[in-house]
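I keep these notes while looking through a structure. Each entry says what I looked up and what I found.

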Amino acid sequence: MDMKRDYYEDVKHFSSGVMLFWFAALMIFLLLYPFLFKNYYVYVANYIAINIIVVVGLNLLVGYTGQISLGHAGFFAIGAYGTISLMTLANFPFFPALICAGLIAACFGFLLGLPALRLEGPYLAIATLGFGLTITTIIGRIDILGGRQGLHAPDLIIMGHHLNTDRQFYYLVMAIAVLLVFFARNITKTKVGRAFVAIRDAHIAAETMGVNLVLYKTMAFALSAFYAGVAGGLFAFVLRFIEPELFGFFLSVFFLTMAVAGGLGTIAGPIAGAILLSFLDLELRNILNIPYVGEWLKALSTSYFSLTGVSNIQFIVFGAILIAIMLFEPLGLYGLWIRMKKYWMTWPF
Amino acid sequence: MTFFAVEDLSMTFGGLKALDKVSFEITRGEIFAVIGPNGAGKTTLFNCINGIYPPTGGDIVFKNNNIRGLKPDRVAKAGIARTFQNIELFSNMNTMENIMIGRHLFMKTGLLRGGLMWGRRSFAGKEEIENRRKVEQIIDLLELQTFRSKFVGGLPYGIQKKIELGRALAAEPELLLLDEPCAGMNAEEKQDVVFWIKDIQDELGITILLIEHDMNMVMDISNRILVLNFGRPIAMGVPDEVSVHPEVLKAYLGEDDADDASGP
């Protein structure tokens, strides 16, 4: 460890030149990505970036503040429907619509945060679960939002440019994702983030040191909902068509799984979790494309695991990953990384 | 002006009177100790002052304002900080960050300015540097440099107690409530704590309200002592008065042995 000379080093973005180098390398890779890979993988990258936004936001709530949420698909849906309907019904341009939809989701987050002041653990899980289910049911019954038929996304025009393909949309999604990740990282290093962790670790002590529980708990919910809302707005344009079915209970669980698999209470963890699980999710859907075992997995899945015969192998894999994480590495992928780093730094001892 | 006064404070849990009309006053700058056998209501008294429990009767006056029934964060804002009997640290934060929570009330960075922190010249950056410098002074004072960047969860008990004290000091309180600062410490560590408490009184000018079981220490450092038994105040005064007060001896030593000459 090198000596610290300055208090700013505790909070600065890149603790060393090496970190800065890798960050720059990552940024260049992300810039070149659409030129290096075929169309489908650009779509995959968009999907991953959106999940990263949700999971980083969810982690601020679950990992840092210690409040569970099984209702994030609800905020995601509010963001998606909000963005599209503000654009089609109120003629908002894209960015104001996206931000407003995020803020609407944040308002709902704030409201959901109020009962959370009195609920903990499994009770909070049930309350948020109820919220998620209710939102999609209500949206399914509002005709102006397309009801069960769903909604088509309008043309996306930003400063005179039409963004119609995944490739064109890629830079927008990535830029927003990078920005929001930095925002979340900064929050965890400053006053608000410390208050979140204080509430998680010892809420009575936090209160006696002057942390306003009501303010910070609802703030965590609203902030987390804002992330999910913005991600939902982007998601609507990646899919170009949304319906209530998309935002079911499983999506909420999927978000939570990504956060836990990556490592709660860290910034890098949920990103890794989102990348791994989103990728698996998309790849395992085309189960027959998996070399060698594809046919066999499909047969296994239809004959033992799914009544309808729809292959659902990705859910089984997620379940297995979650169990393995809980058993072997409660800190998730991040914990694995720390352990590897320690091993190599102290090698050969 | 009354600096701090508790007037007829009562707290009942169901049928149990944990505090029964407790009254006392503390003048600015003194060390005031509350002692009493286990279950006498000492920690309940602290929890009422702090706003963790809403008292069922009476008033708590701090600098001429009635703070009874305020939420803990408002009490903290008024200028009262505390430590806990069973350590209540944020175990997944390091020492620095734990004490930084003590600076919470002095920092103005919100969601937006915090999230957009960029460089040492940004508002949030400047505020972090400034407050970390203050925390460093406390770390120096309490000789915690070795543990600066260690997670507090795994540190020894005595060190954790010190960090808690540091966190309370970081809030720059006018009144500091210490709930058994020496519990579980060896003689040497106790000596250190005694020195720090005196330093805090002398150099920082902080008034201290203290709960402690170690009689030597209490008699040594307190200016005045209040004795509670079963929620009732039974004696109050300077250490020499209290240590020979018959009610106090009875509460501590038991009734029969005190005046039974034929006893063993």
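Which residue takes a positive phi just after H6(B)? I found B:Glu172 there, with a phi of about 45°.

I noted the ground rules before going on. The model is predicted, so to speak of a local feature I need pLDDT of at least 70, and for side-chain atom pairs pLDDT 80 or more, while totals for chains, interfaces and linings use all residues. Residues are numbered from 1 along each chain as its sequence is written, chains are lettered from A and ligands numbered from 1 in the order in which they are written, and side-chain values use heavy atoms, with hydrogens and water left out.

Entry on the helix. I looked up H6 of chain B, residues 157-170. Helices (H or I, at least four residues) and strands (E, at least two) are DSSP runs numbered from the N terminus. H6(B) has 14 residues and spans 20 Å from its first C-alpha to its last, close to the 20 Å expected at 1.5 Å a residue. The expected span is 1.5 Å times one less than the number of residues. I then checked burial, where buried means under 20% relative accessible area, exposed over 50%, and partly exposed in between (1.4 Å probe, protein chains only). In H6(B), 13 of the 14 residues are buried, so the helix is largely enclosed by the rest of the structure.

Entry on positive phi. Most residues other than glycine have a negative phi. B:Glu172 is not a glycine, yet its phi is positive. I placed B:Glu172 in the loop between H6 and strand E7 (175-179) of chain B, and it is partly exposed at 43% relative accessibility. B:Asn64 also has a positive phi, near 70°. B:Asn64 sits in the loop between strands E4 (57-62) and E5 (65-66) of chain B and is partly exposed at 47%.

Entry on rings. I counted 30 aromatic pairs over all chains. Rings of Phe, Tyr and Trp (its six-membered ring) pair if their centres lie within 6.5 Å; planes under 30 degrees apart are stacked, over 60 edge-to-face, and the rest tilted. B:Phe4 and B:Phe24 form a tilted pair, 6.4 Å centre to centre with 50° between the planes. B:Phe4 is in strand E1 and B:Phe24 in strand E2 of chain B, 20 residues apart. Both B:Phe4 and B:Phe24 are buried. For B:Phe13 and B:Tyr53 I noted centres 5.3 Å apart and planes at 80°, so this pair is edge-to-face.
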